[in-house]
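Reader: Please take a close look at one part of this structure and its surroundings. Give each cut-off where its term is used.

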Amino acid sequence: MSQIELMVAGGHEVIMEASPYGIEKKKLGMWIFIVSDACTFGAFLFAYGYMRIGTVAWGTPFGFSSILNGMIMTAVLLSSSLTMLAAVRAAQADDGAAVKKWLGATMLLGAIFAALHLREWFNLISEGWRLFANPTGGPAQFGATFFSVTGLHLTHVITGVIALGFVARGYKQGRYDQSHVETAGLYWHFVDLVWMFVFPLMYLMNAH
Amino acid sequence: MAGKVFAVVVVLVTLVTAYCVVTHVWWMPVDISVHGPKIDHQIEETILVAGLLFIAGQIVLASFVFRYGGATGKPKQIPGGAKPLVIFAFVLVGTEVLALSFIGSKAWGAVYFEAPDPSSLRIDVQAGQFAYYFRYSGPDGKFGPLHPELINEGNQNYFGLDPDHDPDAKDDIVTAEIGIPVNKPILLTLHSKDVGHSFYVRELRVQQDFVPGLSIPVHFTAIQTGRYEIVCTQLCGLGHYNMKAYLSVLSQSDFDDWLKKQAAMQ
Amino acid sequence: MAETQVHAAHHAPSQGFIRKYVFSVDHKIIGIQYLTLSMVSAFIGMALSWAMRIHLAYPDFRIPILGWLSPNGAPNGLMTPEYYLSLMTMHGTIMAFFVLTAAPFAGFGNFVLPIQVGAADMAFPRLNMSSFWVTFVGFLLAAATFFIPDGPPLSGWTAYAPLSAVGSVAGPGQGLGQTLWVLSIAMFCVASLMGALNFIVTTLDMRTKGLTLSRLPLSTWAWFIDAWVSLLAFAVLLPCGLLLALDRLGGTSFFIPGGLVFNDQLQPHSGGSPLLFQHLFWFFGHPEVYIIILPAFGIVSHIFPTFIRKPLVGGWKVITFAEIAVGTLSFVVWGHHMFVSGMSPFMAMVFSVPTLFITIPSVIAVLVWVFSLYGANIRFDTPMLYSLGFVSLFITGGIGGFFLAQPSTDSYLHATSFVVGHFHFTMGLSAIFATFAGFYYWYPKIFGRTMNEKLGKLHFWLSFVGVYCVFITLHLTGFAGSVRRYSAFVDDFMIPLMPAQRFMTISALLLGAAQFIFLFNAIWSRFKGPKSSDNPWGATTLEWATTSPPPFDNFGGRQLTVYHGPMEYDDEASVMQTSPEASIAGT
C-alpha cells in the first residue's frame, strides 16, 4: 500500500517536537481512568445503597473483631499511601535505591491489606455467607453486595501490587522514569481513597 | 439542481406528514375514561407546538437550500449573527417547553396524584407469561393473602390463594376477563408473578408496567360501556405479542349479573 | 538508547502483514478496521430488519436462509415468535453498539482525530489497538449467539431484568444466549472506555503548535465531548452488566425480587429490584443516544463550512457550547424512559423537565446549521447532501421527542411504534446519514480515491425518501396504539393497520436495497475510482494538509503550525489552518 512507502520515504527518524499543550500524557490518562473508575465504583455503591434501603432485616454480621480487622486494614492502606508518596519523592530526587525501597514497602503493605481482607472473606464464608446466601436465613443481599464491592476493590489492590512490581523492575532497569512512578502513585492513592468510602459503608454500617 | 430537488422533496415530505397527522389517517380511538380528555388535550397541544416547529424548521431549511443552492459571489452571514438564534431558542422554545411542562404536569397529576376514590371498586390483577388474571374480593370485601409458592396453573390457582387456611380468600373471585361497572371509580393493583409486563388499554388512556416484586396501584373511571382490549406492552418473552385480555365496561346491573356468574364458576 | 528514542517519537512503522494490517497500532488502520466492522455489522443488522419486516407484513412468506441458519428458530423458513424476538434483540444490539457507537466515533474518530490535531498517532497506540480487538471479541460473542442451539436472547437490546436475569426458565435464548450477550456488552464497555480515554488524552495532549481549543476542528470538538460522555456512561453500563452476570451466574439477587414463579416453580431468588436495573441501564442508555448523535453533530458541522463556503453562524462557540450542554444534560434525563415503569410519579415530573430543556441546545444546533445556509454558496456534493439530509431527519426526530418527554403524553405513546419511529429518526438514521456524509467526505483521504458521485447521489435520494416512508409511518401507527416488539399482530385493533405494515415493509426493502449501491460504490471506488488529490474539497483542516492517503506518521515527519480556526472560507477562496496567510473569514 502506498501509505507504507510514503512513510518510509518520509524519514521516520525525525523526532516530532513535544506538543506545546502536552502535560505528561500517562498522568493525564491515569486521571481520566480515575474519573471513569470512580463512576464504576459509584454505580456499585449505588446498587448497594438501593439494596440496603429496600431490604428489611439486612444482615449485619460484623462484630468487634471484624471492625478491628477493618481498622487495621485501613491503617495499613493509609500507611501504604505514605510509602507511595515517599517513593514518588524519591523518584523525583532520582534516588534509585530509595525508590526501590519505598515501592517495596508499598507492595508489602498492599499485600498485607489483601491478606487481611481475604482472611475476613474466609471468616464470612466459614460462617456461611455467600454471594447468594445468608446463614441466618434472612435476605442474602449483604453477601451479594459485600463480596462484589469489596471484591472489586480487592481486585484493584492486587492489580496495583502487581503493577507496582512492574514499575519497580522497569525503574531499576532504566526503562521507566519518575513519571511512571508518579502515574502508579496516582492509581494507588485512588484505590486508597475508594477504600475510605468502602470501609464505612461496607464495614461500619454492617456492624451489629 | 440537486438543491431544488432537495427542497421540493423536503416540502413534500413535510406536507404529507402534516396531512396524515391532521386528518388522523391512523389515530387514537375514542376516549372512554374520565381522565383521558386531559391526556388527549395534552397530545393535541403538543401536536400544535411541535408541529409548528416541525413545519417551520423543514420549510426554512428547504427554502434556504432552494435559494442559496449553487449561488456564487461573496457569501454573507445572517444579519445579527447567532445572537438572535440563541435568544430565539432560549425564549421561544424555552417558553414552549415550560408551558408544556406545566400544563402536562397537570394532566399527569390528574392521573397519578389524585388519591383514588375511597368507594372505588378494588380489583387485583396478576400478570404472568402470557396471560392476565383478575381477582374480585367477593362479598366479604377482603382479598386473601398471596402465596407465590402455591401458584399452580394446572389447578387454576393463578394467584397463589390458600382458601383452606385463609378465610379472606374463600370468596375471592378469579377471572380471565375483567368486567367493570360504568361510571364507577376502579382501583387496580398490579402484580406480576414472573417478569415485567404492562397494562395498556388505548381507550382508557392507561398504560402502566407490572414490576415483579411491586404492587402498583392504577385508578380510573370508565364512562362508556363496551368491550376493549388489554394488551401487554412490556417485552415479556416469546408470547408477548399474544398476551391480551378483554375489559368489559358494563352497566351496574349487567356487572352484578356477570360477577355472580363468575362467582358461580369458581 | 536508540530504541528509547524511537519509542519517544512514537512507534516505528511495523513490518509484516500481520503487524501492519491486523494487529496494527496505527490509528488509521484501526479506524479502517472499526469502519469495516461496523459496515459488516450494519449489513447484518439490516438483513435482520428485513427478515423482521417481512415476517410482520407477510407472516406466511418463507425465508429459506433463516431456516438454514436456525432449523429450530425458523423451521422451513417460517420464524417462530421467539426467533423474531431474538432477531429483534440482535438488530438493536448490533446497530446500537457495533454500528452507531462504533462507526461515527471510533471509526472516523480514530482515523481523523489524530490527523486533525497534527499528531503522529493516538496518545496510547497499543491501548488503541486493544480497544479495537476487545470490541471485535465482543462482536464475535454477540455473533456466536446465532449459532448456539437456543439462539440469541429475546429480551431486547435493553435486556430488562428479571427477564434477562433468571436464565432459561424465562424462555429460549435466555440461557447461554443471554450470557454471551452480557459478556459481549461488558467487552464493548471496556473497549469503549479505553477508546474514550485515548481520545481525551490525544485531544488535550497531542495538539500541534498553535492549535488552541478555539481553533480545533468541529469534528474533533464533538469527538472530544463525546469521549467524556462515553467515559462516564460506559463506566456505569459495565457494573450494570457485571451485576446482571452475577445474578445469572453467581446466584445473587440484585435485579430479581422474591416470589417469582416460572412454570409453577418458585424461584430461589429474593430481595432484588428490577427498577435498579432500569436505573443503571438508562443512566447509561440515555447518554448512549447522545454518544451516538454527538459525533454526527461534529461531522456535519465540520462538513458544512466546506460546502457552504463560509463559517458556521456563531463560529465554533455556539455549536460547541450547544454540544457541551447536550452532553451534560444527557446525564440527568434517564428517568424519561421509566415514566410508566412504576417509578414514583413525582420523579417522572422531575425527569420530564430537563428532558424538555435538552430541546434548547438541540434547537440551537439545528438553528446554527439551518441559518448558516442563509447567504451561502451551497455546493451539493454527496457529503453535503447527506449533511442536509441529516438536518432534516434530526428535526423530524426531535419533534417526536416532545411527545415522549412528557409523562402524560408518553403514558399513551410509550412502547408503541411511535417510539420506534422516534429513535430511528433521532439517533438511528440521523447518525447513519452523518456517517455516510463522513464516509463520502473522508473516503478520498482514507483510500486516495474518490467515490462515484452519480451513484452517491442516487444512494442519497433513495435513502432519504425511504427513511421517511418507513419511519414516519411508524410514528403514525404509533398514534393508533400499535405496540412495538410484537412478532405478529393478533389484536383486533392492530389488524386494520396491516396496509401500513405492508407499506413499511416494501419501503424498508427498497431502502435496504439502496444500501447495496453504496456497498458497490465503496468497494469499486477503492480499486477503480479516480485518484484523488490531497485536498479534493478545498477544505482547510489538517487532514487535508497531508497526502491522500496520509503517510504512516501522518505528516512525513513535518511539524505543523496552526494559524487559524477551521472555517476560513470565502466563496472560492479558503485558507488552510497551517497557512500563515491573513484570515479571510475572521475566525
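Author: Chain C has 17 helices and 4 strands, where helices (H or I, at least four residues) and strands (E, at least two) are DSSP runs, numbered from the N terminus. The model is a predicted one: local features need pLDDT of at least 70, side-chain atom pairs count only at pLDDT 80 or more, and totals for chains, interfaces and linings use all residues. Residues are numbered from 1 along each chain as its sequence is written, and chains are lettered from A and ligands numbered from 1 in the order in which they are written.

The radius of gyration of chain C, 24 Å, is close to the 25 Å that the globule rule gives for 587 residues, so chain C is as compact as a globular protein of that length. The radius is taken over C-alpha atoms, and the rule is 2.2 Å times the number of residues to the power 0.38. The C-alpha trace of chain C spans about 80 × 60 × 50 Å along its principal axes. Of the 587 residues in chain C, 70% are buried. A residue is buried if 20 or more other C-beta atoms lie within 10 Å of its own, exposed if 12 or fewer, and partly exposed in between, with C-beta atoms placed from the backbone. Among contacts in chain C with a separation of 6 or more, 78% come from residues 24 or more positions apart; a contact requires C-beta atoms, placed from the backbone, within 7 Å.

Of the 2 pairs of chains in contact, chains B and C share the most contacts. By comparison, no contact joins chain A and chain B, and their closest C-alpha atoms lie 11 Å apart. The contact between B and C takes 94 residues from chain C and 89 residues from chain B. Elements of chain C that give two or more residues to this side include helix 5 (81-116), helix 9 (274-308), helix 13 (382-404) and helix 16 (453-479). By class, the side of chain C has 61 nonpolar, 23 polar and 10 charged residues. Here Ala, Val, Leu, Ile, Met, Phe, Trp, Tyr, Cys and Pro count as nonpolar, Asp, Glu, Lys and Arg as charged, and the others, Gly among them, as polar.

In chain B, 10 residues of domain 1 are in contact with 11 residues of domain 2. That side of domain 1 divides into 6 nonpolar, 3 polar and 1 charged.

Chain B also holds an open sheet of 5 strands in the order 3-2-1-5-8, with mixed pairing; two strands pair if DSSP finds at least two bridges between them. Its edge strands are strand 3 (173-175) and strand 8 (216-221) of chain B, each pairing on one side only. Strand 1 (residues 121-128) and strand 5 (residues 185-192) of chain B pair in the parallel sense over 7 bridges, and B:Ala127 stands opposite B:Ser192 in strand 5.

Strand 6 (residues 197-201) of chain B has 5 of its 5 residues buried, so it is largely enclosed by the rest of the structure. B:His197, B:Phe199 and B:Val201 point one way from strand 6, and B:Ser198 and B:Tyr200 the other way. Strand 6 runs antiparallel to strand 7 (residues 206-210) of chain B, joined by 5 bridges. B:Phe199 stands opposite B:Gln208 in strand 7. In the hairpin of strands 6 and 7 of chain B, which has 4 residues between the strands, B:Arg205 takes a positive phi near 60 degrees.
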